[in-house]
Amino acid sequence: MTQVTAMFVMFILYGVLPVAGLYLGYRGIKKMTAPKMLEYKAMPQLGYIPEKSLPVEVKTALDQINEKGEKLRVIYGDTNNDGKIDDKDTVNETYIMIQNLMDRHVPLAVTDYRRLHDLDVGDGARADTTKIKHSNVTGKEALLDVLRTINTQFDDLLNASYHQDGQKLLATNRYLQKRFNNPAATADMQKLDSNVSSFSSANTDMEIKAIENPTGATGKNVSAENIKL
């Protein structure tokens, strides 16, 4: 081993590896001690929220709104049923309302609550215990009222969509029963099919006779030039 190679190995062993170990250890400790962040994919405007900054009831309500809102966006946004929401879909007022609730009203309400929470120099209990002036609710209760109102509206939309699609199924079944269980309609269809078959059979017999015996109506022979196949 040459002197240059030995110096290179010593540099790796006593220089690069210790520094890399310290860096990886720092990243691991930082990741383990970092607060858990909440993410709501259907409401990206909320961003990443520290889990400890929201009460359990608020997190539960946000989870429900996130799940229901994602379903409603597809139901009312994907009007051509191609599996995606794009410029080909027809935008309606219900879809715009859902968008506004999830993109503006929910993030704004959560931001206002977190601002109240951060005003407290302690553990943030003020927003959960102190009633807002000229009201009978705390900051936490005010936020929960907003989320309950949106949650109820989403439940109503989901119920309306369920009953609307259910009526379509019932209408389809009524049509099929009327179509296949009506004896008169079935007899008419069979009679029509029989007439079509008889007509086709008669035409076929006439064409065969004309080819086998190419004569005109007066019984005279018809030249080959007058026969069209």
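**Around helix H3**

Colleague: What do you find at the start of H3?

Modeller: A side-chain oxygen of Asn92 comes to within 3.3 Å of the backbone nitrogen of Thr94 there. A polar contact is a pair of N or O atoms within 3.5 Å; within protein, one must be able to donate a hydrogen and the other to accept it, and residues adjacent in sequence count only if both atoms are side-chain atoms. Keep in mind that this is a predicted model, where local features need pLDDT of at least 70 and side-chain atom pairs count only at pLDDT 80 or more, while totals for chains, interfaces and linings use all residues. Residues are numbered from 1 along each chain as its sequence is written, and side-chain values use heavy atoms, with hydrogens and water left out.

Colleague: How do you know that the span of H3 agrees with its number of residues?

Modeller: The expected span is 1.5 Å times one less than the number of residues. H3 has 27 residues (93–119), so it should span 39 Å, and its end C-alpha atoms are 38 Å apart, which agrees. Helices here are DSSP runs of H or I with at least four residues, strands are runs of E with at least two, and both are numbered from the N terminus.

Colleague: Where does H3 bend?

Modeller: At Leu101, by about 35°. That is the angle between axes fitted to the seven residues ending there and the seven starting there.

Colleague: Why is Ala127 called buried?

Modeller: Buried means under 20% relative accessible area, exposed over 50%, and partly exposed in between (1.4 Å probe, protein chains only). Ala127 has 6% relative accessibility, so it counts as buried. This residue sits in helix H4, and its contacts (heavy atoms within 4.5 Å) include Tyr113 and His117.

Colleague: And why does Lys59 count as buried or exposed?

Modeller: Lys59 counts as buried, because its relative accessibility is 15%. It belongs to helix H2 (residues 56–77). Leaving aside neighbours within four places in sequence, Lys59 is in contact with Leu38, Tyr40, Glu51 and Leu54.

Colleague: What makes a nonpolar core?

Modeller: Buried Ala, Val, Leu, Ile, Met, Phe, Trp, Tyr and Cys residues joined through side-chain atoms within 4.5 Å. In the largest one, of 28 residues, Leu62, Val106 and Phe154 touch the most other members. H2, H3 and H5 each supply at least two residues of this core, and its largest share, 8 residues, comes from H3.
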